[in-house]
Amino acid sequence: MHLGRTTLSKFLIQQLRGGDDERDLAALLVDIAAAVKAISSMTSKGALAGVLGSLESTNVQGETQKKLDVLSDQAFINTFQLGGLTAGLVSEENDQPMVFEPSPGEVNGRRYLAVFDPLDGSSNIDVNVSVGSIFSIIRAPKGRRVKPEDFLQSGARQLAAGYAIYGPSTMLVLSVGQGTHGFTLDREVGNFILTHRDIQIPTQTSEFAINTSNARFWEPPVQRYVQECQAGKTGPRERDFNMRWIASMVADVHRILMRGGVFMYPRDTKDPSKPGRLRLMYEANPMAMVVEQAGGLAITGRERILDIAPEAIHQRVPVILGSKEEVDRIARYHQAFDTGTDEQYRSPLFKDRSLFQE
Ligand code: AFP
């Protein structure tokens, strides 16, 4: 063990020095780290702990719940409820927000609201592929009970956000608005150690991540981008691209933070009632903050994710994020398509979307 190492607690004490409010935020993030350690322990035991497999229940999204979804959800709920700093929470696993009243005699220090996906990518659990947890912290209203609409704050107002990845090692990656930093769990001593200070996503990339089985449902700008990547050296990009898809957003985004790339779960027509697959408040927003704080971009194709005014706690949005130059390019393709300013979209095939074409 190297005694000079920076633990998560030491790092947060150094970053969050702005009085009681920031001190409590640091304490809340240390609480989150404790929940992450508990989930990490469960996931790493796998079948030995009897936690694999599904339950009979479904969550609010209509998805079958895994045992670990429910156990992870409970780990976070206990942390937020007992920690005394959180006035309410929204979880992917629960239809309605939960609101916590101060216990008798407790000074109401519950300044925050927590929004989280306790176990993202849980379809990967039973095949022993990396999964993760995603969290977002926003401010609670002062001096009154929390109402459901208090959670509907744009991502730009997040005080802190991040994720844990349960892979070969467990890592916690977070931002409090001063860069994005990664901590690796030292299991022997139970501490998160700062191992990746000030992560920067390379601005250019030759790697993309998208579920290509949905290609026929994508909009033309996304089809164009992916086709150009696939054309490689012989296409307009004049270089070869590689493709990866883990089906755990956390693991795909983590790879992008480490070595660049672009991740897309775009708008598609597979289910017209859903504008995207991923959830704004506990998937897109926290990941957008982490990515932007690492020098990347996160958009729907047409707008910055962090600027979206949420309308519902389980709202879905299209997500395109990662290396700046690639995301910029995909935004341009959407704009060209929407305005009909690109030759490519003047074909009768795209006529119905070329609203501004003469
Ligand atoms: P679950 O948390 O329900 O497993 O969903 C994971 C996820 O929302 C996200 O982490 C992946 O990027 C995406 O779904 C994978 O979706 P596909 O099934 O289209 O690969």
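Asp 198 sits in the loop that runs between β10 (191-196) and β11 (207-209), a handy place to start a tour of this predicted model.

- Asp 198 is not a glycine, yet its phi is positive, at about 50°.
- With a relative accessibility of 41%, Asp 198 counts as partly exposed.
- Asn 128 also has a positive phi without being a glycine, here of about 60°.
- You can find Asn 128 in the loop between β5 and β6 (131-139).
- Asn 128 counts as exposed, because its relative accessibility is 73% and the cut-off for exposed is over 50%.

- To the contact between them, domain 1 brings 47 residues and domain 2 brings 29 residues.

**The ligand and its shell**

- The ligand is surrounded by 17 residues, and the closest are Asp 120, Gly 121, Asn 211, Met 249 and Tyr 265.
- Sorted by class, the shell holds 7 nonpolar, 5 polar and 5 charged residues.
- Ser 123 places a backbone N or O atom 3.4 Å from an oxygen atom of the ligand.
- For Met 249, a polar backbone atom is 2.6 Å from an oxygen atom of the ligand.
- Tyr 265 uses its side chain instead, with a polar atom 2.4 Å from a ligand oxygen.
- On its own the ligand has 480 Å² of accessible area, and the protein covers 86% of that.
- Two or more shell residues come from each of β5 (112-120), β13 (262-265) and β14.

**Arg 279 in strand β14**

- Strand β14 spans residues 278-279, and Arg 279 belongs to it.
- Arg 279 is buried, because its relative accessible area is 3%, while buried means under 20%.
- The side chain of Arg 279 makes a polar contact of 2.9 Å with the side chain of Glu 92.

**Helix α5**

- Helix α5 covers residues 249-259 and is mostly covered, with 9 of its 11 residues buried.
- Met 249, whose backbone has a polar atom 2.6 Å from a ligand oxygen, is one of the buried residues of α5.
- The buried residues of α5 also include Asp 252, His 254 and Arg 255, along with Val 250, Ala 251, Val 253, Ile 256 and Leu 257.
- After α5 comes Gly 260, which has a positive phi near 90°.

**Helix α6**

- Helix α6 (residues 280-293) is largely enclosed by the rest of the structure, because 12 of its 14 residues are buried.
- Among the buried residues of α6 are Leu 280, Met 281, Tyr 282, Glu 283, Asn 285 and Pro 286.
- Met 287, Ala 288, Met 289, Val 290 and Val 291 are buried in α6 as well.
- Gly 295 follows α6, and its phi is positive, near 90°.

Notes:
Residues are numbered from 1 along each chain as its sequence is written. This is a predicted model: local features need pLDDT of at least 70, side-chain atom pairs count only at pLDDT 80 or more; totals for chains, interfaces and linings use all residues. Side-chain values use heavy atoms; hydrogens and water are left out. Helices (H or I, at least four residues) and strands (E, at least two) are DSSP runs, numbered from the N terminus. Buried means under 20% relative accessible area, exposed over 50%, partly exposed in between (1.4 Å probe, protein chains only). A polar contact is a pair of N or O atoms within 3.5 Å; within protein, one must be able to donate a hydrogen and the other to accept it, and residues adjacent in sequence count only if both atoms are side-chain atoms. A residue is near a molecule or strand if one of its heavy atoms lies within 4 Å of it. Accessible areas come from the Shrake-Rupley method with a 1.4 Å probe; for residues, only the protein chains shown count as cover. Ala, Val, Leu, Ile, Met, Phe, Trp, Tyr, Cys and Pro count as nonpolar, Asp, Glu, Lys and Arg as charged, and the others, Gly among them, as polar. Contact means heavy atoms within 4.5 Å.
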